[in-house]
Structures are given as C-alpha cells and as structure tokens.
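The following exercises ask for a reading of chain folds and local geometry. Work through each task before consulting its solution.

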Amino acid sequence: MVRAIALVVGAGFTLVLAIAFYGSISGLVGDPSPKIWTGAPQSAETEAHLHPRAAGLRSDGVMGKFDKQQLQRGFQVYKEVCSACHSLRFVAFRDLKGIGYNDAQVKAIALGYDTIPSVNPDTGEPATRKGTPADRFPMPFANDIAARAANNNAIPPDLSYITRARHGGADYVYSLITGYQNQPAELLAKFPDIKTPKGLYYNPYFANLNIAMPPPLKSEGQVQYADGTKPTVDQMAKDVAAFLVWAGDPNLETRHQYGFFAVIFLLISSFLAYGAYRNVWRDVKH
Amino acid sequence: MSFPWARQYQPKAPLMRWMDEKLPLPRLVYNAVGAGYPVPRNLNYWWNFGVLAGAALAVQIVTGIVLAMHFHSSAAGAFDSVNGTIMRDVNAGWFLRYAHANGASFFFIVVYTHIFRGLYYGSYKAPREMVWLLGVVIFLLMMATAFMGYVLPWGQMSFWGAQVITGFFSAIPVVGETIRVWLLGGYAPDDAALNRFFSLHYLLPFVIAAVIILHIWALHIPGSSNPEGVDVKGEQDTVPFHPYYTAKDGFGLLVFLALFAMVIFYFPDYLGHPDNYIPANPLQTPAHIVPEWYFWPFYAILRSFTSDFILPAKLWGVLAMFGSILLLFFLPWLDSSPVRSNKYRPKARIAFWVLVVDVLVLGYCGGSPADPFYVIVAQICSAYYFLHFLVILPMIARSERPTPLPNSITEAVLAKHDASPATAH
C-alpha cells in the first residue's frame with residue numbers, strides 16, 4: 001500500500017521534472033546566443049569584470065597579525081580622505097588603542113572631532129560636542145537623504161565591515177581603490193549600453209563596472225604620513241585596506257593566538273584520548 | 001529494556017544508596033550510558049556521530065543562551081547588537097558568535113553523516129522504526145531552528161532569505177497569502193517576524209532536546225544496531241557502553257572539537273556569506289539569494305520545478321522540497337528488505353553511493369546561481385532523488401539477492417581477525 005502510493009508520488013514528481021527539464025532544454029536550444037552555463041547573453045559585466053589583485057597584507061592567512069604601523073597610516077588615510085563621505089560607525093575612539101595608540105593619543109584624536117551629536121544643556125536644542133574616547137566615529141551626513149544628495153544619489157557604504165561584506169575582502173578594497181581606468185574602446189564598441197554615464201566612473205573591479213565613487217586616491221602625497229613612509233597611491237591603498245581589515249575584525253590577532261593554543265591542546269588531547277581508547281579495547285577483538 | 005547479561009547498578013556508598021531510593025537518576029545514567037548498557041562490540045566510527053550531534057546541540061544551547069543575553073531582537077537593533085556589541089565589546093563575544101554560527105554548520109555536518117550512516121546500515125528498519133521517525137522529526141526541527149537563527153542578525157541574507165522562505169506559504173492555493181502574512185505578523189519580514197523568530201529560535205532547541213531523549217529511549221529498547229546488521233545473540237557479542245564506547249566517543253569528540261576550533265579561530269567566515277555583513281535593506285535585493293550551505297540540496301530541488309503542470313511551478317517546487325524530507329518518514333516501509341546492512345546488499349550499496357553523489361551535486365547546484373546549466377543538472381538529480389527512495393529502493397528490496405550474512409556479530413569479528421573461536425571473550 002505504502003509502496004503503491006510511493007510509486008505514484010515518485011512517478012508524479014519525475015513526470016513534472018521531465019516536463020520542466022524539457023522546458024529548460026528547449027529554452028536553451030532556442031536561445032540565439034547563449035553561454036551554456038549562464039543562459040544569458042554575454043554581458044559587459046561578465047566580460048570586463050576583473051577579479052581582485054592580491055594586496056599582500058600582514059593580516060592575510062592563518063598566521064595573520066596586525067602591522068600596527070601600517071594600521072596607523074591606514075587610519076590617517078581614512079581620516080583625511082575617506083571619512084568625508086564614509087562612516088565607520090561601529091568603531092569607537094577607544095578601540096584605536098588596538099592599533100597602537102596610548103590613552104593620551106586616543107583622547108587627543110577624539111577631541112579632534114567636534115561633530116558628535118549632542119544636546120545644548122541650557123536650551124535643549126540639538127547641538128554638537130567634542131569627542132571622548134567612549135564615542136564612536138560620527139556620521140559624515142545627517143541622514144541617508146543628505147548622503148544621496150551629496151553623492152550623485154548613491155549612499156557611501158559604512159566601512160566598518162567592508163572587507164567582510166565583499167567577496168575578495170581586503171584585496172577587493174585595494175584593487176577597487178587603485179583600479180580606476182579609462183573605459184576601453186573595444187568594450188564600448190561591443191556593449192554601447194555600458195558607456196559610463198555622467199557622474200559615474202569606470203572601474204572594472206566593481207561588479208557593475210561604473211561606480212559612483214570618484215577615485216579617492218589620485219596622486220602621490222595626498223596624505224603626508226606621520227612616520228615618513230612614502231605616500232604613493234599604492235602604499236596609501238594598501239594601508240587603508242589594512243586598516244579596514246582591522247576595523248572589521250579587530251580581534252583577528254587575538255583570535256589567531258588563542259586558536260593556536262586551542263588547536264594544539266585539542267590535537268594533543270585527541271592523541272592521548274586515542275591512546276586511552278586503544279588501551280580500553282586492548283583485550284577485545286572488534 | 002536491556003539484555004539479560006547487562007551489569008546491574010550496585011551502589012555501595014551510603015549517599016548513593018540514599019539517592020537510589022529517593023530519585024534513581026544515577027541508576028538511569030548507569031543503565032543508559034554507563035556499564036549497564038550492552039552495545040555491540042563491532043561498531044565502527046560511523047557510530048560516533050550520534051553523540052557528536054548531541055554535543056553539537058549542547059554547544060549551540062550554551063553559546064546561544066549567552067548570546068541571547070546581549071541580542072536586541074528588533075529590526076533597528078539586531079544587526080548592531082550582533083556586529084557592534086557582541087563582536088566587539090562583549091568579552092569573548094566574537095568567540096561566542098563564531099562558535100554559534102559555525103556550530104550550526106557543524107551540527108548539520110554531523111547530522112547528515114549520522115543520517116547517511118542510517119541509510120547505509122539500515123538503521124531505520126525493524127525494530128528501530130521509531131528511532132528513525134523521531135530522527136526525522138529532529139531533522140525538521142533543526143531546519144526550522146537554523147532558518148530562524150540565520151534571520152536574527154538581520155543582515156541582507158537574513159532578511160532576503162526570510163522573504164524567500166516565508167514566500168513559500170503563499171504558494172498554498174486560496175489561503176496561502178493569508179497564512180504567510182499571519183506567520184510573519186506583517187506583509188514582509190520586519191520587527192514582528194524578527195521577534196517571533198527569536199522567541200521560537202530560543203524554544204525549539206529545547207523541543208529538539210526532548211525529542212532526542214525520546215530518540216535515545218526508543219533506541220535503548222532494542223539496543224544499537226551494528227555494521228553487520230545481524231542481531232545480538234549473546235553476551236560475547238556486546239561490550240558495556242562504559243568504558244568501551246565512552247572512551248571511543250571521547251576520542252571522537254576531541255577530534256570534532258579540534259576541527260571545530262580550527263574553523264572558529266582561523267576560518268570563521270568561510271561557511272557564511274559576505275552579504276550578511278551588510279545591514280538588511282528591504283529596498284535592495286542581493287545579486288544572488290542563497291540560504292546557508294546545509295539547505296542547498298533542498299534549495300536546488302525547489303528551483304528545479306520551472307514549468308506549470310496543473311499546479312503552478314512554484315507550488316510544485318514547495319511540495320517537492322517538503323516532500324523530499326517527508327518521504328524519509330516512510331523509508332522503513334519503502335525498503336522492505338529484511339537485510340539491514342548494505343554490506344550484504346550489492347545493488348542497494350550501488351544505489352546508496354549514487355544517492356550520495358546525487359545529493360552532493362544537488363548541493364552544489366543549490367549554492368549556484370539559477371542559470372540554465374545548474375537548473376538542468378538539478379532537475380536530473382532531483383528526479384533521481386525521488387526515484388531512489390520511492391521507486392528504486394522498493395524495487396531493489398523485492399528483486400535483490402543479498403550475500404550470505406554472518407551467523408553472529410562475534411563470528412563476523414573473528415572472521416575479520418582470522419582467529420579461532422576459542423580465544424573469543
């Protein structure tokens with residue numbers, strides 16, 4: 001009885017799948033210019049999109065650590081270039097101790113910000129105040145509408161998790177910032193629709209090829225590093241990518257250190273447990 | 001409830017004798033997982049995975065309860081509480097979050113292995129049908145729990161995954177949309193949905209724990225099966241659970257924890273999706289909406305049904321997706337072969353391995369974009385999946401010629417070791 005119903009149900013699903021299969025195959029056969037594995041005609045994006053180039057950061061890989069000097073340079077780039085448009089709302093000033101600043105330096109950095117939202121203590125009107133280490137980085141725009149109005153209808157994403165919210169991570173951020181180029185004529189000839197509209201910029205590392213962000217790092221020396229490192233565009237891009245890795249994953253180094261001991265401990269324990277198991281079963285054939 | 005030669009609990013210390021009179025919990029433990037529970041001596045490592053599943057549940061409950069102390073279950077506060085507070089400011093919050101998120105993946109890895117062990121060795125067959133049925137119930141509860149848990153951080157995938165999965169209910173004719181809105185508490189996933197998902201996500205693991213107790217109780221009536229599939233005949237076929245299988249399970253548990261630690265500490269984001277680090281935006285659809293990897297085979301089955309046939313394609317997809325799990329309830333009656341273990345069933349063994357490949361391919365298709373190539377492969381594999389359980393296994397059970405079974409577990413063990421029976425313990 002069960003088997004009879006099962007046969008009917010199985011045959012039923014298989015029949016409907018066969019119909020769907022026939023539909024898929026005939027759709028594929030009838031298509032004038034498909035790629036068998038995309039089914040969509042070749043698009044400009046699939047043709048021109050580039051995979052990220054490796055940034056080669058100290059934080060890469062299972063042995064990853066933070067290069068605090070690089071993080072401080074990256075913070076300087078964020079502060080002087082990126083923070084005009086991009087928020088970093090999950091990072092607090094006190095977290096900057098994690099990139100090597102001491103209490104006095106953190107306090108000074110926080111005092112340098114005077115746009116922390118506050119309330120006038122006498123009148124109750126909205127006001128701003130100077131930052132304290134407990135505060136988080138302030139938002140550059142009052143709200144999303146203001147952000148769009150200043151950025152050609154695009155909202156600059158918050159950068160706190162940017163290296164974890166994109167495939168390719170830090171490599172993607174590094175490649176994107178340094179990847180602006182002129183739109184190739186061959187691409188434009190093949191796909192006229194991809195012509196970069198006014199107000200956008202061509203960047204093959206961006207999935208949609210035309211990005212609303214203008215090239216943020218245009219020339220060497222845009223930021224004068226406090227430690228005297230030569231501020232080439234490539235250097236600044238790597239440094240800010242490293243800083244953003246830290247911003248998204250401030251516990252990376254701690255995690256790797258604890259992980260080393262945890263895994264070693266568990267492997268040794270497993271080895272001992274295996275010995276105990278063999279000992280318990282010594283006299284029993286199994 | 002056990003074998004006649006099982007050791008008896010004999011408390012010596014006065015406190016333990018008092019306890020045994022008033023509330024015999026130590027006796028229960030002794031008889032369930034102690035020296036009082038005889039287990040076949042020939043179990044292989046595939047039998048470790050039940051205990052590992054229990055351990056994974058324990059990890060999820062402990063990490064989950066602590067995470068819940070810091071989680072804000074509102075659309076406005078959820079993402080910030082997880083990624084702003086727990087990951088950064090809560091002491092070891094990052095560890096709890098990674099352990100919980102990756103713990104879910106490890107729970108499914110272990111449970112899938114456990115299920116496939118059951119399929120290969122005929123653990124679902126008489127007299128253990130109830131164990132199997134309860135197991136399928138646990139699996140369904142796990143899927144519901146995992147789905148709701150993934151929505152809680154309120155990232156892009158959380159929101160859009162909720163949008164897609166709750167959209168299934170609207171496929172039900174006539175009342176579907178009403179049911180969907182009733183379940184969500186609104187027209188789209190929002191505060192109401194998030195709050196109730198949090199409530200149910202906290203509740204269901206304890207329901208799972210209760211069903212696991214029934215699952216183990218049902219198992220302990222006939223006792224464990226074994227790789228040969230033949231019944232226990234006498235004392236020489238078994239060993240007491242403690243210390244033999246406590247030692248083996250302890251080893252297995254430590255290996256599991258070592259692998260788990262490697263993922264938590266070194267690859268915490270590998271099994272996840274980057275889009276879930278973007279706060280949910282109802283106005284911006286991700287390029288590719290995919291659930292977590294453990295749902296991929298079922299997602300592939302869902303997306304295979306692309307043509308209407310009497311019923312709309314969407315409804316077929318939903319029916320097939322749920323059907324693919326519900327058919328497992330009937331397995332003990334579909335596969336009527338009296339031979340339990342595929343070790344002695346040549347045709348069933350081949351079908352089993354085809355199924356394993358089939359499910360892996362379905363998983364790969366489910367995680368890929370719905371391009372024609374993947375859809376076509378998924379359609380073929382989905383057809384095989386249904387045919388395997390509903391047509392092929394019943395047919396094999398009728399027509400197959402199994403190879404000769406050993407007379408007893410001990411005979412099989414000794415044959416393996418090629419020693420004379422006189423030296424058996």
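The exercises below concern a predicted model.

**Exercise 1.** Determine how spread out chain A is relative to a compact globule.

*Solution.* Begin with the inventory: chain A contains nine helices and four strands. Their order along the sequence is α-α-α-α-β-β-α-α-α-β-β-α-α. The radius of gyration of chain A is 28 Å, whereas the globule rule gives 19 Å for 286 residues, so the chain is more spread out than a compact globule. Next, consider the box filled by its C-alpha atoms, roughly 85 × 75 × 50 Å along the principal axes. Finally, turn to the domain assignment, which gives domain 1 (2–41) and domain 2 (51–79 + 156–278) in chain A; the centres of these two domains are separated by 42 Å.

**Exercise 2.** Describe how strands E1 and E2 of chain A are paired and connected.

*Solution.* Last, examine the connection: the two strands form a hairpin with six residues between them, and A:Gly124 in the turn has a positive phi of about 80 degrees.

**Exercise 3.** Characterise helix H5 of chain B by its span, bend and burial.

*Solution.* H5(B) comprises 29 residues, 93–121, and its end-to-end C-alpha distance of 41 Å is close to the expected 42 Å. Along its course, the helix bends by about 30 degrees at B:Gly103. As to burial, 22 of the 29 residues are buried, and H5(B) is thus mostly covered. Just after the helix, B:Gly122 adopts a positive phi of about 65 degrees.

How values were computed. Residues numbered from 1 in each chain as written. Chains lettered and ligands numbered in written order. Predicted model: local features only at pLDDT ≥ 70, side-chain atom pairs only at ≥ 80, totals over all residues. Domains from an automatic or database assignment. Expected span 1.5 Å × (residues − 1). Bend = angle between axes of the 7 residues up to and from the residue. Buried ≥ 20, exposed ≤ 12 C-beta atoms within 10 Å, placed from the backbone. Pairing = 2+ DSSP bridges. Rg over C-alpha atoms; globule rule 2.2 N^0.38 Å.
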